[in-house]
Amino acid sequence: MGSKLWRVGLGVLILPTCGLLLSPIGCVPDGSGLGLVDDGTDTDGDGFTDFFERNSTPGSDPANPNDTPNNPIDTDGDGCSDFDERTFDNFCDNDPNTGGGNNNPPTGNINISGTLSVGPTLIADADTNDPTNAFADNDNAGQAQDIPNPSTVGGYLGNTAAGLDVSDVYRVQLAAGQAATLLLANPDANDFDLFLFNARAEMIASSEGVGKAEIVEAPEPGTYLVQVFGFSTANSGDTAGLYTLQVGNNVFGASAATANFRKDRLSRFDEFVEGELIVKPNPNVTSLAQTTAGAQFGMTCVKTGPTMMGYELLTIDMGKTRVAMRQATGPAFKGDPMLPETDETLAATKALRGRADVSYAGPHHIRRTMATPNDQLYSLQWHYPQIGLPDAWDVTTGSSDVIVAVIDTGIVLNHPDLQGQLINGFDFISDPNSARDGDGIDNNPDDPGDLAIQGTRSSFHGTHVGGTIAARTNNGTGVAGVSWEASLMPIRVLGLGGSGSELDIVQGILYASRQTNDSGTLPARAADIINMSLGGSGFSQFEQDAINGARANGSIVIVAAGNEQSNAGNFTPAGLDGVVTVSATDFGNNRSSYSNFGNAVDVAAPGGEMVRDDTGDGNPDGVLSAIGNDGGGFYEFSEGTSMACPHVAGVAALMKAVNPDLTPMDFDLLLEGNHPNTSMNITDDIGAPGKDSSFGYGLINALKAVQAAAEVAGRSAVDSPIIRLSPRTLTIPFNESLADVEITNGGVGTLEVTSIATNETWLTVSPTSGGAGRYQFRVNRDGLADGVYRADITIASNGGQGRLSAVMNVGEQAASGGDVGTIYVLVVDPIDLASFGQADTSAAEGYAFTLSDIAPGEYSLFAGTDMDNDSFIDNEGEAVGGYPTLFDPVIIDFTDDRNSLNFSMSYGSNLQVPSAASAGSAGSFGGRLQRLEISAANGVE
């Protein structure tokens, strides 16, 4: 008697007969539905595999893999194997323990139906290459595509039926601090840039790197234009590429990925020397100027050698660079102000970053002092009692054994309030014109003045900073310093106009931390603390490497957050790893209006507010410290995060005085409140509880700091709870008013939530304290105009600070989501993903689908878009889904019609690494998901 079998995935019903002379491996189910595979094992040697004997329909020879002959497993003796009765619908009675029923196999083809769930925040680019999608140009401001906030857009740049598409522009409302994040599907093949324009189409931010992600942030609430620009499509002629644009809260937050993406970022809004690059060739490359890229861009090596840590300073020929990087001038872009002009310095940087013989390439950034805000109305107040200094001085006034390096404009060496405080330093300003002392680098760090104030006076910035750190105190004259007895090491790197080059600054860091440098000398020992009240936009791996070396040599590096009212993480050195970034506060312990903010901020200190006199003493509320006067020494009020930074450096010097073994890691842990050897905090939490974007871990407290430093040695560790939040971002649509946050304990002990604070009155929480559990947030839209609103939430606990944000919409937005274009639903072989049926569906159909006339068998269901029209629906950057979920699909034995097979769609975005050759998100299943043919009448195949 023959054996009735169903082979899945072949598209037709097969009823072969397996005899003793026919290997059953070729005609039995492969067992995919059970997670098993027929591996060919035949224990009893009867010509039938063990798998077949356990699972096949009754036949003429044995089902017992260990005993021949015998019968297949048929407990109720109804002629249907137990396996078949459990597996196939309407086969016998579907009960292996009771006889009866139909023992015929299922006949006829079947229908499969369901509905795809496409979230309201998912959007499709209006001008993709899928010929089944509606097409609308969104190339410029006049054609901008409206999108909601939050939203995720799947986009495409490249060839379309309408021509070459190199620009997609979207209009969106953003709250202050919200971001647009571009994720390239295949950054190895494509280089797309991201630009932010205001409602008047004026460019205000750019992100022009060559990596996986580009990010721009909204400086204030309003309507913005976000442009995705195909730099490589316009300049290099690559054919096509997919991307995902995520709009709303910064999707990376403070994660490690953020720092990696920032390293790839370039922006024309950064300040750098046009035509100069700092690069690091791979070890086997003599000089990049001698490579093909060197010839292409007319590169000349200006500086190299052991003090450059393997880096080179290169210049480029701007004319050759313009020729090398052609600019697209297609008909859609002629005269369009939104077509970005190529910046030659950035173009050359991009080209070098794509070369295998280049380890790092970046512009030669300019850094400036952080003392004076750009806006004359910036405000902030400073006062020593606000950080507990008088009480701290009862414990220690510092030690001359503690060295604080001031990397700045130099110091007026003959200032009376700094006598006895100074040790040898160095002048690293390499340009004699900028140095104003008649030469290049030398061993004299005296500040001759920088003429930085209205072009007529000098700031004597380094002297002011140094005076705050360690001016002689209790001497009957002048001002007091934070750490009276500390030694100052003056390092001069900022010259004319208070500016200096990245190259000179790195040499100053190397010298201060006792690394090989251009001076050819080393200090007797590395500085314990390095103060850098300077900065500028643009990431530099060159500076990062120098700081890494400084930390390795034991130097605590403390830097100013900056005065741009912007995200400190976008500035260097404020946004680098391993530094302590200081924001500024005013007399009322509010964040100064000029102070930078963001996740990079670690701690706050007073910085001054020159337009106010909240103290009532008749003087502006600035920070008073030592200063020069283009020839004589005196004292002056000043303001800025430059003034806040040395207060933290001075407190660190007091801490080193009571604990000389204090390391940079110790300081980090003490700031976080997570040091195992003390339970003390070294800050006052003056903002939202816990770490926040304005004050970091809080306002530095000198008394707590010296007490904690003294406790660090020898105190036993204690069990500590750790606060965990889920989700990290609350998104509340216009038609909802409630959202929950789950607070859990990720550590040991008992978590105690002491307070929950929000910075907006429209958002409240219940309860406001307690333990681990669920907390409910409620919004009140009364009196609020239509738009997008954001609130910051800070949760204080004995397990640290938890911080999240809430975004709320008022009024239904004109732009709606839930439409990703045509979705192709496939029924596929679960082993090789070959497609045996396809249904096309769209938002107009509610994304309902029916797959008709499908042969019975074992299949899996997947669905996806095909914006690039390459026939694959699982590319990164395209919407994709699987039943019941994409990454946990099931194999279904279809023997009759099935309906309500519903599953959800999402955009596939790999946040960590680029997809190999644009491989799809379903590649982990052993193949690619390929749709069946569609009409190419309106598209480009």
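1. In this predicted model, E312 is buried and yet takes part in no salt bridge, the nearest side chain of opposite charge being that of R355, 10 Å away.

2. The salt bridges number 21 in the structure, and one of them joins the side chains of R268 and E208 at 2.9 Å, N to O. Because R268 lies in the loop between helix 4 (256-264) and strand 13 (272-281), while E208 lies in the loop between strand 9 and strand 10 (213-217), this pair ties together parts that are 60 residues apart in sequence. The two partners have their own accessibility values: R268 is partly exposed, with a relative accessible area of 26%, whereas E208 is buried, with a value of 3%.

3. Another salt bridge is formed by the side chains of D792 and R803, at 3.6 Å, N to O. This pair links D792 in strand 37 (residues 787-797) with R803 in strand 38, eleven residues apart, and both D792 and R803 are buried. Strand 38 (residues 800-810) also holds V807, which at 3% relative accessibility counts as buried. V807 and V788 are 19 residues apart in sequence but 7.0 Å apart in space, C-alpha to C-alpha; the contacts of V807 include V788, Y789 and R790, as well as N149, Q178 and N249.

4. The side chains of D866 and R931 likewise meet in a salt bridge, at 2.7 Å, N to O. The pair links distant parts of the chain, with D866 in the loop between strand 42 (857-864) and strand 43 (879-882) and R931 in the segment after strand 46 (906-907), 65 residues apart. Both ends count as buried, D866 at 1% relative accessibility and R931 at 4%. Elsewhere, D191, D193 and K350 are linked in a network of salt bridges.

5. Five strands form an open sheet with mixed pairing, in the order 3-6-11-8-9, and its edge strands, each pairing on one side only, are strand 3 (145-146) and strand 9 (203-207). Strand 8 (residues 192-198) pairs with strand 9 in the antiparallel sense over four bridges, and F197 stands opposite M203 in strand 9.

6. The aromatic pairs come to 13, and F192 and Y243 make up an edge-to-face one, with 6.3 Å centre to centre and 85 degrees between the planes. Because F192 lies in strand 8 and Y243 in strand 12 (residues 240-248), the pair ties together parts that are 51 residues apart in sequence. Y311, Y360 and F542 form one aromatic cluster.

7. Helix 10 (residues 461-470) is largely enclosed by the rest of the structure, because ten of its ten residues are buried; these include H461, H464 and T468.

Methods. Residues numbered from 1 in each chain as written. Predicted model: local features only at pLDDT ≥ 70, side-chain atom pairs only at ≥ 80, totals over all residues. Heavy atoms only, no water. Buried < 20%, exposed > 50% of the residue type's maximum accessible area, 1.4 Å probe, protein only. Lys, Arg positive; Asp, Glu negative; His and termini not counted. Salt bridge = Lys/Arg side-chain N within 4 Å of Asp/Glu carboxyl O. Pairing = 2+ DSSP bridges. Helix = DSSP H or I, 4+ residues; strand = E, 2+ residues; numbered from the N terminus. Phe/Tyr/Trp six-rings, centres within 6.5 Å; stacked < 30°, edge-to-face > 60°. Contact = heavy atoms within 4.5 Å. Lists of a residue's contacts leave out its neighbours within four places in sequence.
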